[in-house]
Amino acid sequence: MSESESGQDKTEEPTEKKKRDAREKGETARSKELNTVAVTLGGAIALLMFGGYLAQTLMELMRLNFSLPREALVDERAMGIYLLTSGKMAIWATQPVLVLLFAVSFVAPIALGGFLFSGSLLQPKFSRMNPLSGIKRMFSMNALTELIKAIAKFSVILVVALMVLANDRQALLAIANEPLDQAIMHSLQVVGWSAVWMAAGLLLIAAVDVPIQLFQAHKKLKMTKQEVRDEYKDSEGKPEVKQRIRQVQREVSQRRMMAAVPEADVIITNPTHYAVALKYDPEKAAGAPLLLAKGTDFIALKIREIGNEHQVQVLESAALARAIYYSTEIEQEIPAGLYLAVAQVLAYVFQIRQYRSGRGKAPEPLKPDLPIPPDLRRDE
């Protein structure tokens, strides 16, 4: 179990942000052994695939430079011409092998950990120039692991090389008696297959090293409980900041709610602790009363004050005010169970308006026991 600098155990799995930050810093799983195997195997395959073309071109190159005509010996420009021609032939001969090696050396590193370009890796780190840090790295567990892998690679290559030499001993001795063309072809084949067998031996080391690198990279990314909490605070915001944001949101919502109170048809109160403002618009599709504002105590007082300033009818019905307050959110329609009670209230309000405008008689007082379903009732 790994520990952090603070002494806490890193028991938590890394978060996505932790993984993303690590990739941006260039910290991802890489295996040098896998790269070595890929390049060695790629080079061996290239020799086996393009060895014939390479041998033929080399033989032509030797014929060109070792069989000079008499005219070339006395021509001052001949040396430059022969050098340029030889260079072109060498480039064309080695181009297939070099292209394949370049492709393998590019693909092999990204096979483990994916493609990654990090500018932070290009920045100079003066901490690496510290002799004490260098000595510490020399005697670290990582250095011991690398030493063991180096010894293992040397041992594997040595054993494979001895086995190849023992197996191809007769073929190697026969090369000395072969014609030059055949000897060159035979030599490239021997070298190519020897590289293949050495790559196969190194593959065993890579098979062990890749899981180790993945484990170490994952272990390095693991976090303590405190690191997880700190990251959550940083990503979600500090509690005091979030509290301030919620407070501002509430203030904005309250101002918008108070601005809608003058549009209400009626304000129903408790009479002091609760207040709800309703608006009824029969032209809407649903045709149900809408809650414009609601509040308790100080906010309820402000709703009543604004209603009185704009001549909005204020009625007292404690049970109905509490039922609407707890069952309906701002800018939502009241539940169907309160339709009948609210309809009686609105009918009373509209009758008062007609009476005040001189178009009707005074309405009878509103009944105190409005029909409120038991499941919507709320006691003090």
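**Exercise 1. Which residues of helix 12 are buried, and what covers them?**

Solution. 
- Step 1. Helix 12 has these buried residues: L320, A321, R322, A323, I324 and Y325. The model is a predicted one.
- Step 2. Now look for the cover. It includes strand 1, strand 2, strand 3 (290–296) and helix 13.
- Step 3. Take L320 as an example. Setting aside neighbours within four places in sequence, L320 touches I268, L338, A341, V342, V345, L370 and I372.

**Exercise 2. Describe the largest nonpolar core and find which element gives the largest share.**

Solution. 
- Step 1. Recall the background. Nonpolar side chains tend to be buried together in soluble globular proteins.
- Step 2. Give the size. The largest nonpolar core contains 24 residues. Inside it, I268, L320, I324 and L338 have the most contacts.
- Step 3. List the suppliers. At least two residues of this core come from each of strand 1 (266–269), strand 2 (274–279), helix 12 (318–327) and helix 13 (339–356).
- Step 4. Pick the main one. Helix 13 gives the largest share, seven residues.
- Step 5. Look beyond this core. Another core lies apart from it, with 15 residues, including M258, A264, A293 and I306.

**Exercise 3. How do helix 2 and helix 8 run, roughly parallel or roughly antiparallel?**

Solution. 
- Step 1. Know what to look for. A packed pair of helices is described by the angle and the distance between the axes.
- Step 2. Read off both values. The axes of helix 2 (residues 32–66) and helix 8 (residues 180–221) come within 6 Å, and the crossing angle is roughly 175°.
- Step 3. Apply the cut-off. Angles over 145 degrees count as roughly antiparallel. Helix 2 is therefore roughly antiparallel to helix 8.
- Step 4. Sort the contact by class. Between helix 2 and helix 8 there are 23 nonpolar, six polar and five charged residues.

**Exercise 4. Repeat the analysis for helix 2 and helix 4.**

Solution. 
- Step 1. Take the distance and angle. The axes of helix 2 and helix 4 (residues 78–111) come within 8 Å and cross at roughly 170°.
- Step 2. Name the arrangement. Helix 2 is roughly antiparallel to helix 4.
- Step 3. Sort the residues. The contact of helix 2 with helix 4 holds 20 nonpolar, nine polar and one charged residues.

**Exercise 5. Is S194 buried or exposed?**

Solution. 
- Step 1. Locate S194. It sits in helix 8.
- Step 2. Use the cut-off. Buried means under 20% relative accessible area. S194 has 13%, so S194 is buried.
- Step 3. Check a distance. M163 is 31 residues from S194 along the chain, and their C-alpha atoms are 9.5 Å apart.

**Exercise 6. Where do Q311 and E331 lie, and are they buried or exposed?**

Solution. 
- Step 1. Most residues other than glycine have a negative phi.
- Step 2. Read phi for each. Q311 has a positive phi, near 55°. E331 also has a positive phi, near 65°.
- Step 3. Q311 lies in the loop between helix 11 (298–309) and strand 4 (313–316). E331 lies in the loop between helix 12 and helix 13.
- Step 4. Compare with the cut-off. Exposed means over 50% relative accessible area. Q311 has 75% relative accessibility, so Q311 counts as exposed. E331 has 57%, so E331 counts as exposed.

**Exercise 7. Summarise the whole chain: how many helices and strands, and what share is buried?**

Solution. 
- Step 1. Count the elements. The chain has 13 helices and four strands.
- Step 2. Give the share. Of the 380 residues, 30% are buried.

Conventions:
Residues are numbered from 1 along each chain as its sequence is written. This is a predicted model: local features need pLDDT of at least 70, side-chain atom pairs count only at pLDDT 80 or more; totals for chains, interfaces and linings use all residues. Side-chain values use heavy atoms; hydrogens and water are left out. Buried means under 20% relative accessible area, exposed over 50%, partly exposed in between (1.4 Å probe, protein chains only). Axes are lines fitted to C-alpha atoms, for helices over the stretch in contact, and angles run from 0 to 180 degrees between N-to-C directions. Angles under 35 degrees count as roughly parallel, over 145 as roughly antiparallel, 65 to 115 as roughly perpendicular and the rest as oblique. Ala, Val, Leu, Ile, Met, Phe, Trp, Tyr, Cys and Pro count as nonpolar, Asp, Glu, Lys and Arg as charged, and the others, Gly among them, as polar. A nonpolar core is a set of buried Ala, Val, Leu, Ile, Met, Phe, Trp, Tyr and Cys residues joined through side-chain atoms within 4.5 Å. Contact means heavy atoms within 4.5 Å.
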